[in-house]
Amino acid sequence: MQLGLKRGKVSVEEQNPEWETFAKKTINNLKEILSDHAVDIQHVGSTAIKNICAKPIIDLAVATLDFNPILSMNKKLEASGFIFRGQDYDDQYLYVCGGEAYRTVHVHVVLYNSERWNNYLNMRDYLNSHKEDARAYSELKESLAKQYPKDRIKYTEMKSAFINGILNKAKEWRKCICNSSK
């Protein structure tokens, strides 16, 4: 299984079923370390979306009710290969696996039921349920990876309008699902 990417590099690959297996093992490892401090841990991002291409980096979202207990475990997490990178957004902390030059896993710690947590789940679930939008996202990612193979910032920036559109659709879709199940 090919997993990981040099920092700053952009490359996408066809979906690999082994990514899910690796994600599950990593989630179990995190659950053991974080115990009750993690309300939930989910495989998110493109490697969690069936039939689309993805950067070969596993994204995991860890939901917590309070950041402080998890932040107090940084030494324990680092001993298990999860390196603290700080806040990449005001409402999210980032841990990575693979070191400075090469990344295999991104762990996004967010507050449970926050907008960021819901966005991670909504986007994944929506794209897994809407094949046409998933295909369009995959094609965009492939095109941008070819255009910006050494510019991760530009690659991400150029996806943002599409992602925001998907997040809006996903939020409405989730409301419909929730309302229909009542």
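Mentor: The open sheet has five strands in the order β2-β3-β7-β5-β4, with mixed pairing. Its edge strands, each pairing on one side only, are β2 (40-44) and β4 (83-89). From one strand to the next the twist averages 25°. Strands here are DSSP runs of E, at least two residues, and helices are runs of H or I, at least four residues, both numbered from the N terminus; two strands pair if DSSP finds at least two bridges between them.

This is a predicted model: local features need pLDDT of at least 70, side-chain atom pairs count only at pLDDT 80 or more, and totals for chains, interfaces and linings use all residues. Residues are numbered from 1 along each chain as its sequence is written, and side-chain values use heavy atoms, with hydrogens and water left out.

Now the helices. Helix α1 (residues 17-34) lies across β2, β3 and β7 (105-111), and runs at about 30° to β3. Helix α4 (residues 115-129) also packs on the sheet, touching β2, β3, β4, β5 (92-97) and β7, where contact means heavy atoms within 4.5 Å. The direction of α4 makes about 45° with that of β2. Axes are lines fitted to C-alpha atoms, for helices over the stretch in contact, and angles run from 0 to 180 degrees between N-to-C directions.
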